[in-house]
Amino acid sequence: LEMDAVAENEEGIPYFFKGDHLFKGFHGKAELSNESFAELDDHHHLGHVDAAFRMHYEDDPTHHNHMFFFLDNKVFRYFQHKLEAGFPKDISEVFPGIPDHLDAAVECPKSECGEDSVIFFKGDEIFHYNVKTKAVEKKEFASMPNCTSAFRFTEHYYCFHGHQFSKFDPKTGEVHGRYPKEARDYFMRCSKFRDDGDHLERERCSRVHLDAITSDDAGNIYAFRGHHFIRKYDNDTLTSDTIESAFKELHSEVDAVFSYQDHLYMIKDNHLFVYKVGEPHTHLDGYPKPVKEELGIEGPINAAFVCQDHHIVHIIKGTDIYDVDLSVTPRVPTNKRPISVLRKVDAAMCGPDGVKVIRGSHYYHFESVMQFAVARALPEQHRVSLELFGCDH
């Protein structure tokens with residue numbers, strides 16, 4: 001596994017380029033790059049991208065939120081997946097002083113690099129390009145390996161080399177901490193990759209989005225991703241194991257989980273599984289049952305949560321949220337309303353301090369369900385790995 005280029009799109013979704021294929025996000029099947037960026041194939045039948053980045057400089061509307069792709073001696077500039085007029089152009093025309101046949105490139109805004117910049121990599125040569133003045137400063141990052149791709153994500157900088165990665169300081173190139181690390185543990189969901197890794201370290205620090213999250217009546221948090229789950233006890237102790245080990249009937253990859261009256265309700269596809277919380281968790285007889293039969297709504301479901309001391313499960317399906325009263329039968333979804341601030345929700349949970357809504361590697365805190373439903377702007381962004389699970393890298 002060695003990616004040719006990595007860049008976020010305008011919505012913050014990572015695009016991983018490998019040969020003539022493109023992976024969108026941290027898991028899922030690859031697709032041909034020319035399905036999203038047709039002109040790459042029109043001009044060059046090379047079957048690869050050398051380097052890519054998204055420029056995010058709000059005081060430069062010409063380049064802001066544009067994606068740049070580098071192939072041999074050409075650069076392509078896209079806005080909302082459409083090639084800008086006049087492109088492709090020679091790299092030397094758009095980025096004077098930057099060589100052809102690059103290995104990697106990554107943007108670095110002035111808040112992190114002093115000036116709005118792009119860092120280009122070719123072999124062991126590193127070039128800092130000043131977007132405003134077009135000045136090029138050649139740097140020596142002695143402690144860094146040669147990057148095959150580079151990536152800015154959650155305000156951190158990552159150099160990928162083969163199937164490993166190192167986090168680096170964009171100004172000095174210094175690598176702090178225990179690096180290199182395995183990209184397949186943190187940036188891609190490779191569930192069958194290996195069994196000898198540190199599951200807890202990987203799951204705490206993974207950038208892959210959570211599938212589901214909930215907290216039980218005792219205040220323990222359960223977070224599910226792929227084949228594994230993290231349990232965070234009310235004293236902040238963390239453990240991680242396979243879903244198969246604790247919830248063998250589910251096997252892996254749940255869609256949504258909520259807690260109600262000392263039970264975990266776990267939704268997978270169109271089925272609902274119910275477990276009594278305990279050591280071990282006990283799967284209730286008669287389950288799984290169809291989600292439609294139990295909750296009155298068709299799957300798949302993105303997220304579901306119950307707030308403390310309430311009988312209402314709030315169900316997120318697509319861009320809508322519904323309420324289902326669990327204390328009555330038959331259960332019927334009511335109070336459908338649209339979610340305007342997020343086009344997709346990966347997971348959500350409710351606690352004494354309000355609702356945490358997770359999208360990608362971040363979460364957003366709302367004081368109440370009503371505030372979430374009527375919000376017109378996103379509140380402050382929080383990192384799942386750092387602020388929920390204490391990962392410091």
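Okay, let's start with a turn: strands E7 and E8 make a hairpin with two residues between them, and Gln80 in that turn has a positive phi of about 50°.

Quick housekeeping. This is a predicted model, where local features need pLDDT of at least 70, side-chain atom pairs count only at pLDDT 80 or more, and totals for chains, interfaces and linings use all residues. Residues are numbered from 1 along each chain as its sequence is written, and side-chain values use heavy atoms, with hydrogens and water left out.

Back to E7, residues 74–79. E7 is joined to E8, residues 82–83, by two antiparallel bridges, and Phe79 has Lys82 as its bridge partner. When I say two strands pair, DSSP has found at least two bridges between them. Strand E6, residues 66–71, also runs antiparallel to E7, with five bridges; there, Met67 is partnered by Tyr78. E6 and E7 form a hairpin too, with two residues between them, and Asp72 in the turn has a positive phi of about 55°. Then E7 pairs antiparallel with strand E9, residues 89–90, over two bridges, and Val75 partners Lys89.

Now go towards the start of the chain. There's an open sheet of four strands, in the order E1-E2-E3-E4, paired antiparallel. E1 and E4 are at the edges with a single partner strand each, so one side of each has no neighbour in the sheet. E3, residues 21–24, is joined to E4 by two antiparallel bridges, with Leu22 partnered by Glu31.

Points are joined across faces, edges and corners, and a volume is the space filled by probe spheres set on them.

How much space lies in the largest pocket? About 1100 Å³. It has 37 lining residues, and closest to the centre are Glu11, Gly12, Ile13, Arg359 and Gly360. Domain 1 (5–185) and domain 2 (199–388) each give at least three residues to that lining; those bounds come from an automatic or database domain assignment. By class, the lining has twelve nonpolar, twelve polar and 13 charged residues. Here Ala, Val, Leu, Ile, Met, Phe, Trp, Tyr, Cys and Pro are nonpolar, Asp, Glu, Lys and Arg are charged, and the others, Gly among them, are polar.

The second largest pocket holds about 500 Å³. Ser215, Asp216, Gln308, Cys350 and Gly351 lie nearest its centre, out of 25 lining residues. Strand E31 gives the largest share of that lining, three residues.

The largest has about 60 Å³, and its lining includes Arg207, His209 and Arg383.

Terms used: 1 Å grid on protein atoms, 1.4 Å probe; cavity = no way out; pocket = protein on both sides within 12 Å on 5 of 7 lines; lining within 4 Å.
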